[in-house]
Amino acid sequence: MSAATTVELDQGRCRGYGICVSILPDVFDLPADSKVAVLLRDEVDADDVDDLEESVRACPAQAIIQGARSI
Ligand code: SF4
């Protein structure tokens, strides 16, 4: 059994700094009409796991949660 890397975004904490969008634009977006980021998907590719970890560390609001799901 292996695990897929999942991502959650706590929009109650997000302050819309957009750092996550600059690191992983395929996963995070900051729509023009939104004060908070949104997720474009809830799983990241193996190639993007390092960037996701960087996003988690870089988010000033600690709004990004990395997880794993068995597949
Ligand atoms: S880096 Fe954090 S606070 Fe900034 S937009 Fe992304 S989730 Fe929100």
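How many helices and strands does the protein chain have? The protein chain has 2 helices and 5 strands. Helices (H or I, at least four residues) and strands (E, at least two) are DSSP runs, numbered from the N terminus.

1. Basis of the note. This is a predicted model, in which local features need pLDDT of at least 70 and side-chain atom pairs count only at pLDDT 80 or more, while totals for chains, interfaces and linings use all residues. Residues are numbered from 1 along each chain as its sequence is written, and side-chain values use heavy atoms, with hydrogens and water left out.

2. Order of elements. Read from the N terminus, the protein chain runs β-α-β-β-β-α-β.

3. Overall dimensions. The C-alpha trace of the protein chain spans about 40 × 20 × 20 Å along its principal axes. For 71 residues, a compact globule would have a radius of gyration near 11 Å, and the 12 Å of the protein chain agrees with that. This radius is taken over C-alpha atoms, and the globule rule is 2.2 Å times the number of residues to the power 0.38.

4. Surface and burial. The protein chain exposes about 4500 Å², and carbon and sulfur atoms supply 45% of that area. Accessible areas come from the Shrake-Rupley method with a 1.4 Å probe; for residues, only the protein chains shown count as cover. Of the 71 residues, 30% count as buried. Buried means under 20% relative accessible area, exposed over 50%, and partly exposed in between (1.4 Å probe, protein chains only).

5. Contacts along the sequence. A contact means heavy atoms within 4.5 Å. Among contacts between residues at least 6 apart in sequence, 65% join residues at least 24 apart.

6. The sheet. Three strands form an open sheet in the order E4-E1-E5, with antiparallel pairing. Strand E4 (43-44) and strand E5 (64-70) are at the edges with a single partner strand each, so one side of each has no neighbour in the sheet. Two strands pair if DSSP finds at least two bridges between them. In general, strands of a sheet pair through backbone hydrogen bonds, either parallel or antiparallel.

7. Bridges from E1. E1 and E4 run antiparallel and are joined by 2 bridges; Thr-5 has Val-44 in E4 as its bridge partner. E1 and E5 also run antiparallel, joined by 7 bridges, and Thr-6 stands opposite Gly-67 in E5. Strand E1 is largely enclosed by the rest of the structure, because 5 of its 7 residues are buried.

8. The nonpolar core. A nonpolar core is a set of buried Ala, Val, Leu, Ile, Met, Phe, Trp, Tyr and Cys residues joined through side-chain atoms within 4.5 Å. The largest one here has 16 residues, and those with the most contacts inside it are Val-7, Phe-28, Leu-52 and Ile-64. At least two residues of this core come from each of strand E1 (3-9), helix H1 (19-23) and helix H2 (49-58).

9. Phe-28. This residue is in strand E2 (residues 28-29). Phe-28 is buried, with a relative accessible area of 0%. Not counting residues up to four places away in sequence, Phe-28 touches Val-7, Cys-20, Val-21, Val-38, Leu-39, Leu-40, Leu-52, Ser-55 and Ile-64. Its C-alpha atom is separated by 8.0 Å from that of Arg-41, 13 residues apart along the chain.

10. Gln-66. Gln-66 lies in strand E5 and is partly exposed, with a relative accessible area of 32%. Leaving out residues up to four places away in sequence, Gln-66 touches Thr-5, Thr-6, Val-49, Leu-52, Glu-53 and Val-56. Gln-66 and Val-49 are 17 residues apart in sequence, and their C-alpha atoms are 9.2 Å apart in space.

11. Two loop residues. Gln-62, found in the loop between H2 and E5, is exposed, with a relative accessible area of 56%. Phi of Gln-62 is near 50°, a positive value in a residue other than glycine.
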